[in-house]
Amino acid sequence: MATVKELKATARPKSGKGAARAERRAGRVPGVIYGDNKPPVAISVNDAELRQRIQDVIDNEPVALFMKGTPQFVMCGNSDRALRALREAGAPVTAVDVLPDPSIRQELSAISGWPTIPQVFVNGELVGGADIVEELAAGGELKGVLEEKLGPDYRDARAEKTLHG
């Protein structure tokens, strides 16, 4: 069992003047990501390149779906639900499989602030995961979101594609 002193040493203020001092006191190094009960992970050039590639997909694809599997071989029920809702709305889906490389999922969550997969972006903006997309579709709002962000002719560009890491 950890002592109070050990717990205080590992506590990390989220922000403020004492954050950097607490980091140094706890033996943490700036520019390194620390996870609970996991070894620290340094951000490398490859991570920066991966982050940029993910950001490029988010910024440049009308509808980006980061999912487990591909549209042809879906590996997760939630990914399937999000894909079905987007297909029914006629969205021009660009799918990205996060399973081949765990760092895709880590970098994506760091960019979006959304912890789970799937993640749906429309015109560079996070819409949400399977539950949100499915609720929007069930309420007839998903088509409205797509029309608002992509224009009334969004269905004309309906081609579905899959990007590979």
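Helix α5 is followed by G113, whose phi is positive, near 75°, and this is one of several local features described here for a predicted model. The protein has 7 helices and 9 strands, and buried residues make up 34% of its 165 residues.

**From α5 to β7**
- Helix α5 covers residues 102-112, and its buried residues are S103, I104, E107, L108, S109 and S112.
- In an α-helix there are 3.6 residues a turn, so residues three or four places apart point the same way.
- The loop between α5 and β7 contains P118, which is joined to I117 by a cis peptide bond with an omega of about 10°.

**Strand β7 and its pairings**
- Strand β7 spans residues 119-122; Q119 and F121 point one way from it, V120 and V122 point the other way, and all of them are buried.
- In a regular strand the side chains alternate between the two faces of the sheet.
- With strand β3, residues 63-67, β7 pairs in the antiparallel sense over 4 bridges, and in this pairing V120 of β7 stands opposite L65.
- With strand β8, residues 125-128, β7 is joined by 3 bridges, and these two strands also run antiparallel; the bridge partner of V122 in β8 is E125.

**The turn between β7 and β8**
- Strands β7 and β8 form a hairpin with 2 residues between them, and N123 has its place in the loop between these strands.
- Although N123 is not a glycine, its phi is positive, at about 50°.
- N123 counts as partly exposed because its relative accessible area is 46%, a value that lies between the 20% limit for buried and the 50% limit for exposed.

**The sheet as a whole**
- The open sheet is formed by 5 strands in the order β8-β7-β3-β6-β9, and its pairing is mixed.
- Strands β8 and β9 (161-163) stand at the edges with a single partner strand each, so one side of each is left without a neighbour in the sheet.
- On average, and with direction ignored, neighbouring strands of this sheet are turned by 30° against each other.

**Helices on the sheet**
- Helix α4, residues 77-88, packs on the sheet and touches β3, β6 (93-97) and β7, while its direction makes about 160° with that of β3.
- Helix α7, residues 141-150, lies across β3, β7 and β8, and runs at about 45° to β7.

**Surface and contacts**
- The accessible surface of the protein comes to about 10200 Å², and 52% of this belongs to carbon and sulfur atoms.
- A nonpolar surface patch of about 330 Å² is made by F73, M75 and L99.
- Of these residues, M75 lies in the loop between β5 (73-74) and α4, and it is partly exposed because its relative accessible area is 46%, which falls between the limits of 20% and 50%.
- Among contacts between residues at least 6 apart in sequence, 63% join residues that are at least 24 apart.

Notes:
Residues numbered from 1 in each chain as written. Predicted model: local features only at pLDDT ≥ 70, side-chain atom pairs only at ≥ 80, totals over all residues. Heavy atoms only, no water. Buried < 20%, exposed > 50% of the residue type's maximum accessible area, 1.4 Å probe, protein only. Pairing = 2+ DSSP bridges. Axes fitted to C-alpha atoms, helices over the stretch in contact; angles between N-to-C directions. Contact = heavy atoms within 4.5 Å. Patch = residues over 30% accessible without salt bridge, like charges linked within 9 Å, V, L, I, M, F, W, Y side chains within 5 Å. Areas by Shrake-Rupley, 256 points an atom, 1.4 Å probe, with all protein chains shown as cover. Salt bridge = Lys/Arg side-chain N within 4 Å of Asp/Glu carboxyl O.
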